[in-house]
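Hi,

Here is the structure I promised to pass on. Have a look at it first, and then read my notes below.

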Amino acid sequence: MRFATLGLFHEANTFSPFKADKRRFEDGGVCRGEQIIAEYAESSSTVGGYIAECGRLGIELVPLIQAFVTPVGAITEDAFESLVGEMLDLLRKNGPWDGVLLNIHGAAVAEHIPDADGEIAARAREVVGRDVPVGAVLDMHANVSERLIDALTVTLVYQTNPHIDARDKAEACTRLILATAEGRVRPEQALTQLPLVVNITRQDTSEPPISELLDKARELAGGMLSVSLVEGFPYADVSHMGMSCIAISDGDVQRARRVADELADEIWRRRNDLQARGITVDEALDIAERESGPVVLLDVGDNIGGGAPGDSTEILRAAIARGTRSLVQTLCDPAAVRHCIEAGVGARVELEVSTDKVPVTGLVKTLSDGRFEEPKPTHGGFRFFDMGPAAVLETDAGHTLVLGTKAVISSSLQQLLSVGVDPTTFQVVVAKGVNSPRAAYTPIAKRVVVVDTDGVTAMGLERFTYAHRRKPLFPFEAGQWR
């Protein structure tokens with residue numbers, strides 16, 4: 001058996017002013033051929049799972065191209081057509097194939113194609129034909145379209161958030177594609193889209209109601225090839241945005257439809273439980289000051305994993321105003337990093353950080369190239385990270401700022417430990433995310449607090465103007481289901 005693996009993995013926040021252009025992809029985001037093995041083979045990512053399981057099963061896996069960029073806005077037409085064109089050219093020239101393993105997110109949007117993942121899968125299907133099984137593992141935040149399901153033979157979805165099962169799902173997908181290629185199973189897929197959006201702060205799979213809905217999914221999975229609950233991504237303004245269910249049976253499409261609908265019925269029944277309201281920055285700092293540390297504050301509005309820039313100082317400014325000390329946070333600020341590098345380790349500097357130009361004075365403690373590695377499973381299973389040239393600034397106000405040149409998802413403690421900062425020694429730790437930091441930060445936290453901050457990933461969806469979403473869609477409208 002000979003399989004191809006390739007993909008373009010991007011979660012697009014259409015409210016972000018920053019586009020996923022060629023420059024962003026080319027800045028370390030594209031791997032080709034054996035570079036893919038070097039980058040992903042030992043990771044807990046989807047591609048890492050494909051590589052490992054193909055090796056175990058004796059499948060020849062041919063790595064073609066993998067493109068990734070940290071979540072920002074829509075992919076530019078130029079970048080999309082260039083990368084997807086290269087993907088398809090490699091798929092065409094290096095065939096024939098017994099199977100294809102795609103690495104796509106499920107919430108990608110291109111400037112000219114709202115359903116970018118569906119487009120990628122459909123174009124790949126056109127190249128290999130209807131007889132070659134094509135599988136993909138989607139992020140749990142996928143906005144799944146019928147076009148995407150129609151183009152794929154097997155669609156699996158992470159069922160943990162934080163996403164720590166990417167490798168496991170990839171291994172399962174590889175086994176199903178092999179079984180399909182060998183004629184041992186005949187996957188029949190059904191997608192049920194719900195007129196429902198779940199609040200980003202209610203998506204932790206270890207807590208109700210999602211944990212209980214996943215129990216239902218597992219109950220329904222008996223005798224099925226797969227049953228997946230998909231949370232969706234509310235910051236992509238597309239018509240297929242929202243929660244969905246995917247069921248896969250062996251040869252019985254009607255059974256798959258019944259199972260997907262039954263899971264959707266249970267989700268709809270819990271729709272009010274899937275909504276939330278957050279607490280203010282001052283309320284969060286009140287809690288942090290009362291508790292023994294560290295207290296981790298999740299900066300929802302500046303969630304890098306959801307497409308935010310990682311440069312918000314909303315919590316920092318409040319801490320300065322209140323006199324709250326012993327706080328550490330990351331901040332994407334290339335200009336501040338350059339200033340620290342020019343000044344050198346040990347120098348005292350006066351800076352205005354972030355686009356808010358918050359004045360700070362302090363000591364440059366550390367300089368770094370910003371590269372770090374996480375050996376344990378993290379959100380999405382990524383192993384290697386690069387926040388670009390970085391600096392640690394200890395301010396006179398008692399705050400430690402880890403300044404980076406690139407925004408990096410707050411999913412690994414190594415982001416701080418690699419530059420000599422121990423988060424367990426601080427009263428307040430600010431993490432730029434909602435669910436992605438939990439796998440790393442919950443084990444060290446005395447308490448984790450979700451903070452309702454502003455930004456392009458704010459938890460209150462009423463703050464955004466949607467032009468393309470479906471109507472009715474709960475909680476925007478009351479809506480109805482079946």
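**What I found**

The side chains of D204 and R438 meet in a salt bridge, 3.5 Å from N to O; the term stands for a side-chain nitrogen of Lys or Arg within 4 Å of a carboxyl oxygen of Asp or Glu. Between domain 1 and domain 2 the count is two salt bridges.

Before you go on: this is a predicted model, where local features need pLDDT of at least 70, side-chain atom pairs count only at pLDDT 80 or more, and totals for chains, interfaces and linings use all residues. Numbering starts from 1 along each chain as its sequence is written, and side-chain values use heavy atoms, with hydrogens and water left out.

Domain 1 covers 2-270 and domain 2 covers 281-458, with bounds from an automatic or database domain assignment. Their centres, taken over C-alpha atoms, are 31 Å apart. For the contact (heavy atoms within 4.5 Å), domain 1 supplies 29 residues and domain 2 supplies 26. Together they bury about 2,200 Å², with 58% of it on carbon and sulfur atoms; that is accessible area (1.4 Å probe) lost on putting the two parts together, summed over both.

Now, which residues does L8 touch, leaving aside its neighbours within four places in sequence? The list is F25, A67, I75, F80, L83, V84, M87, N103, I104, H105, D117 and I120.

Cheers
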